[in-house]
Amino acid sequence: MQKGSCHCGQIAFEVDGDVSQVLECNCSYCSRKGYLLWFVPRASLRITSSTDRMSTYQFNKHVISHHFCADCGCAPFAFGVSPQGEETAAVNARCLETVALDTLTRIPFDGRSA
Ligand SMILES: [Zn+2]
């Protein structure tokens, strides 16, 4: 189980599972945010804080809800539906508390051309 949060801590969460590889997408949004995305079933992520300060950004086809903290601006996760129709959470590994980012295998994803 991994714990994560935004910078100021108003959004906190727990995720079941072990992160070993992350997807590094080059689309216009992910490249600006610097996301390192770890995909898990939506049910594996539990928000353990209030969501009062959680804002949502959507673009393009509006199928992914990118959640971020309205105060500190950090974006710990996004929710969407996989191509197989499963409710999915994309966790930003940069917002996990105990993960050593340099140990993760980064898988490039060409979202810019998608
Ligand atoms: Zn925050």
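Cys 95 is buried, because 23 other C-beta atoms lie within 10 Å. (A residue is buried if 20 or more other C-beta atoms, placed from the backbone, lie within 10 Å of its own; 12 or fewer make it exposed, and values in between partly exposed.) The model is predicted: local features need pLDDT of at least 70, side-chain atom pairs count only at pLDDT 80 or more, and totals for chains, interfaces and linings use all residues. Residues are numbered from 1 along each chain as its sequence is written.

Cys 95 sits in the loop between β9 and β10 (105–109). Strands (E, at least two residues) and helices (H or I, at least four) are DSSP runs, numbered from the N terminus. Leaving aside neighbours within four places in sequence, Cys 95 contacts Gly 4, Ser 5, Cys 6, Cys 74 and Pro 76. Two residues are in contact if their C-beta atoms, placed from the backbone, lie within 7 Å. Cys 27 is 68 residues from Cys 95 along the chain, and their C-alpha atoms are separated by 20 Å.

The largest nonpolar core holds 24 residues. Such a core is a set of buried Ala, Val, Leu, Ile, Met, Phe, Trp, Tyr and Cys residues joined through C-beta atoms within 7 Å. Leu 37, Leu 45, Phe 77, Ala 90, Val 91 and Ala 93 touch the most other members. At least two core residues come from each of β2 (12–15), β3 (21–25), β4 (37–41), β7 (65–69), β8 (77–81) and β9 (87–92). β9 gives the largest share, 3 residues. Beyond four places in sequence, Ala 93 touches Val 19, Val 22, Leu 36, Trp 38, Val 99, Leu 101 and Leu 104.

An open sheet of 3 strands has the order β1-β2-β5, with antiparallel pairing. Its edges are β1 (2–5) and β5 (45–47); each has a single partner strand, so one side of each lacks a neighbour in the sheet. Strands pair if DSSP finds at least two bridges between them. β2 and β5 are joined by 3 bridges. Phe 13 stands opposite Ile 47 in β5.

Overall, the protein has 1 helix and 10 strands. The elements run β-β-β-α-β-β-β-β-β-β-β from the N terminus. The C-alpha trace spans about 35 × 30 × 25 Å along its principal axes. Of the 114 residues, 28% count as buried. Among contacts between residues at least 6 apart in sequence, 61% join residues at least 24 apart.
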